[in-house]
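Hi,

Here is the structure I promised to pass on. Have a look at it first, and then read on for what I found in it.

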Number of protein chains: 2
Amino acid sequence: MDETGAIGIDWGTSSFRAYRLEAGGAVLEVRSAPAGILAVDDGDFEGALEHLIGDWLDAHAGAPVVLSGMIGSRNGWVEAPYLPCPASLSDLSAGLLPVTLARGRQIHIAPGVSTRDSGGVPDVMRGEEVQVLGALSSLDDAGPQIACLPGTHSKWVKVHAGRIEDFSTHMTGEMFDVLRRHSILGRTIEHAAWDDASFLAGVARSGQPGGFLHHAFGVRASGLFGELPPERAGAFLSGLVIGTEIRAACQSLEVTDQAPIVLIGDQGLVGLYQSALHHLGMPTEPADRHATARGLWLLAEPLQSARGEG
Amino acid sequence: MDETGAIGIDWGTSSFRAYRLEAGGAVLEVRSAPAGILAVDDGDFEGALEHLIGDWLDAHAGAPVVLSGMIGSRNGWVEAPYLPCPASLSDLSAGLLPVTLARGRQIHIAPGVSTRDSGGVPDVMRGEEVQVLGALSSLDDAGPQIACLPGTHSKWVKVHAGRIEDFSTHMTGEMFDVLRRHSILGRTIEHAAWDDASFLAGVARSGQPGGFLHHAFGVRASGLFGELPPERAGAFLSGLVIGTEIRAACQSLEVTDQAPIVLIGDQGLVGLYQSALHHLGMPTEPADRHATARGLWLLAEPLQSARGEG
């Protein structure tokens with residue numbers, strides 16, 4: 001008997017990662033490729049999918065196939081509309097968009113999630129919602145929990161009773177990148193160098209008066225005064241940007257320091273955020289490394305049950 | 001008799017502007033060129049000066065020559081050290097660095113001004129201090145006054161009793177530029193378009209909770225939702241960045257809304273800041289267009305008096 005309960009795929013802007021999952025969600029096999037949606041020629045997503053996991057589709061004809069991430073965006077395969085918060089995994093499952101492959105197999109593309117902040121401005125995510133709900137599904141749910149997914153556009157997500165209540169996005173990684181590559185700050189940064197103490201000094205600086213635009217110039221002025229040498233300036237700027245994000249996100253989502261913040265993502269970035277959050281007196285908890293697979297399984301499960309009942 | 005009282009030069013990173021001044025400071029002649037210090041080959045500043053105003057030096061042998069701006073920086077002619085705040089025009093005059101030209105004529109390069117913010121981080125300016133003291137010298141000085149010099153690195157300067165008490169720099173123009181040129185926001189901006197109402201909407205947005213990194217991403221999300229079309233997004237982003245600067249600067253310098261803020265600089269930018277400040281309920285006053293010339297004269301005057309007495 002085929003032990004494969006589902007095929008789950010996290011297909012983002014720059015990467016593709018497929019999981020072959022046991023009923024229950026345990027990971028049987030992982031396959032990843034630098035085949036993000038931007039790398040797919042002429043929008044031939046079906047061709048890419050067949051190329052990457054066609055053998056899985058052949059071998060596991062009965063397994064539901066669920067795709068999350070930017071594959072469901074306007075620039076992806078088909079646009080799966082955003083579900084407004086609050087949104088649970090059941091809501092996401094109900095919003096799956098079916099696509100029929102040339103071989104006749106039906107696959108399902110997950111919707112993204114949207115919210116509006118207190119100013120009425122929209123915010124969106126695609127893929128992170130599955131990671132977050134997967135990560136938090138195995139934790140105690142005594143009260144609201146916060147997950148943080150650091151990155152180019154970091155997400156802070158508030159979950160309660162299995163539902164994404166609210167979230168906010170911060171242009172943190174991209175800000176760090178454009179400032180050190182394209183602004184005057186780049187001239188006083190030795191890009192290859194790193195220094196943990198300077199990173200934490202940047203985190204501390206982000207809490208001082210003056211505002212981000214002034215703090216950014218301060219990196220330059222401190223360099224001119226020899227108080228922030230090039231080999232420390234990159235780490236300091238990183239801490240400054242990340243600290244600015246953390247303080248703003250905690251305020252927006254009304255984060256109290258009671259429950260640990262669940263960190264999801266790349267190990268290096270998670271380590272930085274962990275150190276920044278601890279510096280600010282906030283406990284953290286790393287997500288299970290199979291959080292995404294678990295979220296994809298929970299998304300696919302209703303399809304499998306439906307099939308089982310059919 | 002030669003009516004020329006002094007020759008004053010504002011020599012910045014990207015531009016050169018020389019004023020032939022009457023005793024008393026009235027402008028007799030202005031000469032400007034795109035010959036900023038970055039455009040001077042092999043650091044031959046003396047050659048550039050002779051080329052640009054050699055005839056003035058010939059014709060007005062007795063006039064003191066004073067230079068302000070980045071010409072006194074590490075990348076300029078000679079480095080004139082920064083004077084710490086508080087600094088008056090007399091302090092700046094006393095700090096002038098004499099340089100003797102090959103022709104035997106002595107000229108004088110002005111120092112910059114430095115401060116430290118409440119976090120102890122240094123801040124610097126070169127050239128703006130002369131503009132500000134020139135602009136405010138003709139105004140009533142009942143209490144502290146604030147000047148704002150919008151630009152790549154905007155300056156906010158607090159002056160009281162003829163002394164620069166404090167100031168702060170904000171990486172505003174450069175932030176706008178790197179975000180629209182090098183970040184994802186550029187994709188949803190029609191660069192040639194402008195819309196005043198969207199500029200003011202951006203100014204208003206900067207006062208909402210969420211923080212600058214979130215607000216920046218909001219420009220993208222609003223674009224995705226069709227709520228901020230490309231032809232309005234550039235003006236909105238400009239208002240967002242400028243509004244963020246104004247709010248932070250007013251807080252840092254403890255600006256009350258009593259005295260009008262004196263705006264100094266390029267007419268277009270001054271117009272934008274005027275409209276943003278009025279939107280925030282703060283009165284403004286444009287600086288006299290000869291503020292820089294007046295500041296240079298006040299800087300040169302003691303030299304002329306000394307010469308007259310000698």
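Thr115(B) stands opposite Asp123(B), which belongs to strand β10(B). This is a predicted model, by the way, so please read everything below with that in mind. The strand that runs alongside β10(B) here is β9 (residues 113-116) of chain B: the two are antiparallel and joined by 4 bridges. They belong to an open sheet of 3 strands in chain B, ordered β5-β9-β10, in which the pairing is mixed. At the edges of that sheet are β5 (83-84) and β10 of chain B, and each has a single partner strand, so one side of each has no neighbour in the sheet.

Chain B also has an open sheet of 6 strands, again with mixed pairing, and its order is β6-β13-β12-β11-β14-β15. Which strands stand at the edges of this one? They are β6 (87-88) and β15 (284-286) of chain B, each with a single partner strand, so one side of each is left without a neighbour in the sheet. Further in, strand β11 (residues 145-149) of chain B runs antiparallel to strand β12 (residues 154-160) of chain B, with 5 bridges joining them. One residue pair to look up there is Cys148(B) and its bridge partner in β12(B), Trp156(B).

Strand β6 (residues 87-88) of chain A pairs with β13(A) in the antiparallel sense over 2 bridges, and Ala87(A) has Ile164(A) as its bridge partner. Strand β12 (residues 154-160) of chain A is antiparallel to β13(A) too, through 7 bridges. Within β13(A), Thr169(A) is the residue opposite Lys155(A). β12(A) and β13(A) make a hairpin with 2 residues between them, and in the turn Ala161(A) has a positive phi of about 50 degrees.

Now for how the two chains sit together. Chain B superposes on chain A by a rotation of 180 degrees with 0.0 Å of shift along the axis, at an RMSD of 0.1 Å. The two copies are thus related as by a two-fold rotation axis. Which residue of chain B comes closest to the rotation axis? That is Val178(B), with its C-alpha at 3.2 Å. The same surface serves both copies, since 100% of the contact residues of chain B recur in chain A.

The contact itself takes 41 residues from chain B and 41 residues from chain A. On the chain B side, the elements that give two or more residues are β10 (122-125), β13 (163-170), α4 (172-182), α6 (212-224) and α7 (230-252). α6(B) provides the largest share, 9 residues. By residue type, the chain B side of the contact with chain A divides into 17 nonpolar, 18 polar and 6 charged.

Next, the domains. The assignment for chain A gives domain 1 (4-138 + 290-309) and domain 2 (169-286). Their C-alpha centres lie 32 Å apart. How many residues of each are in contact? There are 8 residues of domain 1 of chain A in contact with 4 residues of domain 2 of chain A. On the domain 1 side, β10 (122-125) and α3 (128-136) of chain A each supply at least two residues, and α3(A) gives the largest share, 4 residues. That side of domain 1 of chain A divides into 5 nonpolar, 1 polar and 2 charged residues.

The largest nonpolar core has 178 residues, and the members that touch the most others are Ala147(A), Leu237(A), Ala147(B) and Leu237(B). Not counting residues up to four places away in sequence, Ala147(B) touches Val132(B), Ala135(B), Leu136(B), Val157(B), Val159(B), Val262(B) and Ile264(B).

The other spot is Leu52(A), in helix α1 (residues 45-59) of chain A. Leaving aside neighbours within four places in sequence, Leu52(A) is in contact with Phe16(A), Ala18(A), Arg31(A), Ala33(A) and Ala35(A).

Cheers

Notes:
Residues are numbered from 1 along each chain as its sequence is written. Chains are lettered from A and ligands numbered from 1 in the order in which they are written. This is a predicted model: local features need pLDDT of at least 70, side-chain atom pairs count only at pLDDT 80 or more; totals for chains, interfaces and linings use all residues. Two residues are in contact if their C-beta atoms, placed from the backbone, lie within 7 Å. Ala, Val, Leu, Ile, Met, Phe, Trp, Tyr, Cys and Pro count as nonpolar, Asp, Glu, Lys and Arg as charged, and the others, Gly among them, as polar. Domain bounds come from an automatic or database domain assignment. Two strands pair if DSSP finds at least two bridges between them. Copies are superposed by least squares on the C-alpha atoms of residues with pLDDT of at least 70 in both. A nonpolar core is a set of buried Ala, Val, Leu, Ile, Met, Phe, Trp, Tyr and Cys residues joined through C-beta atoms within 7 Å. A residue is buried if 20 or more other C-beta atoms lie within 10 Å of its own, exposed if 12 or fewer, and partly exposed in between; C-beta atoms are placed from the backbone.
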